[in-house]
Amino acid sequence: MFKKLFAVALALLLKSCTIPDNWRNGYLVRNHQVWHFHGFPATGFVIDEADYRSFKSINNDYGKDKDHVFYTYLVIPKADPASFEYLGDLYGKDNKHGFYVEKMISEDGAHFGAVPNCQDKPYSDDPVTVAYVRDSKKVYKQESVIEGADAGTFVFVPMFNGYNLAHDKHVVYWSNGQLPGADGQSFKRVCENMFKDKNGAWYLSLGKDVSWEKMPDEVDLPTLVGIKRLYARDKNHIYYKNTVVEAADKATFEELDNHLAKDKNGQFSSGYRIKPDSTKTQ
């Protein structure tokens, strides 16, 4: 009972408190004006073009009134408030245009949207961001067009650490360039940082030096599949990153958590055997 009373009292106290302006983030309608606050300590700007009577906040960075759509305190030119939609990150659209922050980048709003995530689930605990957008003819990264990209088949492969990976029916796009020799049509993820196409397989090393490393020549591409996140198998071997896990028993091999695995003979850490089964009958 005491806890409930304390919670109610705390809520009433917080409700009655006035938040200092330098703690605010987002929009505020005050004294017949629309303000936007950003940063910490926050800086506030009056939006002279905003109509306070009809203004609505979409989120902390986007808002609209009867005549305009706003990104922070900036008017988004040509944006239609009646049909405007926030897509995620810094992208929005209306029924005629696509926008990156306050800039119009597409005149095909009817087909403008986020590039789909080609995985059922990302190999990361971070939410998948809108890394690319497209309309019926073009693919965009921020405000730039990805030259030569096929909009109809372009898909995004969720990664982490800020790296972007995508492919269409022709090529594989990595960071700000392409992955040489990779076939976009057959490119697919095997496990967390392992990929293959019809011609070969790669492991993506994301340590101090980022690099694409070829898998061993003996990899059997048709049977290469991920076990869980870090280990993979084909009809001949078990793999950790781009190396063969020596002496692994393929029939009983299981991937555990934190780079660990096991088979009937013991455990592995990062692809190396560490703990033979002491209970095994000699």
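Student: How many bridges join β25 to strand β26, and in which direction do these strands run?

Tutor: Two strands pair if DSSP finds at least two bridges between them; strands are DSSP runs (E, at least two residues), numbered from the N terminus. Here three bridges join β25 to β26, residues 238–240, and the two run antiparallel. Within this pairing, tyrosine 231 lies opposite tyrosine 240 of β26. The model is predicted: local features need pLDDT of at least 70, side-chain atom pairs count only at pLDDT 80 or more, and totals for chains, interfaces and linings use all residues. Residues are numbered from 1 along each chain as its sequence is written, and side-chain values use heavy atoms, with hydrogens and water left out.

Student: Which strands form the open sheet, and in what order?

Tutor: The open sheet has four strands, ordered β24-β25-β26-β27, with antiparallel pairing. Its edge strands, β24 and β27 (243–244), each pair on one side only.

Student: How many salt bridges does the structure hold?

Tutor: Side chains of opposite charge can pair when their charged atoms come close. The criterion for a salt bridge is a side-chain nitrogen of Lys or Arg within 4 Å of a carboxyl oxygen of Asp or Glu. The structure holds six. One of them joins aspartate 257 and lysine 228, at 2.9 Å from N to O. This pair links distant parts of the chain, 29 residues apart: aspartate 257 is in the loop between β28 (254–255) and β29 (260–263), and lysine 228 is in the loop between β24 (225–226) and β25 (231–233).

Student: Are aspartate 51 and arginine 53, which meet in a salt bridge, buried or exposed?

Tutor: Buried means under 20% relative accessible area, exposed over 50%, and partly exposed in between (1.4 Å probe, protein chains only). Aspartate 51 counts as buried because its relative accessibility is 18%, whereas arginine 53, at 64%, counts as exposed. Their salt bridge has an N to O distance of 3.9 Å.

Student: Which residues make the nonpolar surface patch?

Tutor: Patches are made of residues with over 30% relative accessible area and no salt bridge; like charges are joined within 9 Å, and nonpolar side chains (Val, Leu, Ile, Met, Phe, Trp, Tyr) within 5 Å. Areas come from the Shrake-Rupley method with a 1.4 Å probe; for residues, only the protein chains shown count as cover. Ile19, Trp23 and Phe40 make a patch of about 420 Å². Phenylalanine 40 is placed in the loop between β2 (33–38) and β3 (43–46), and counts as exposed because its relative accessibility is 66%.
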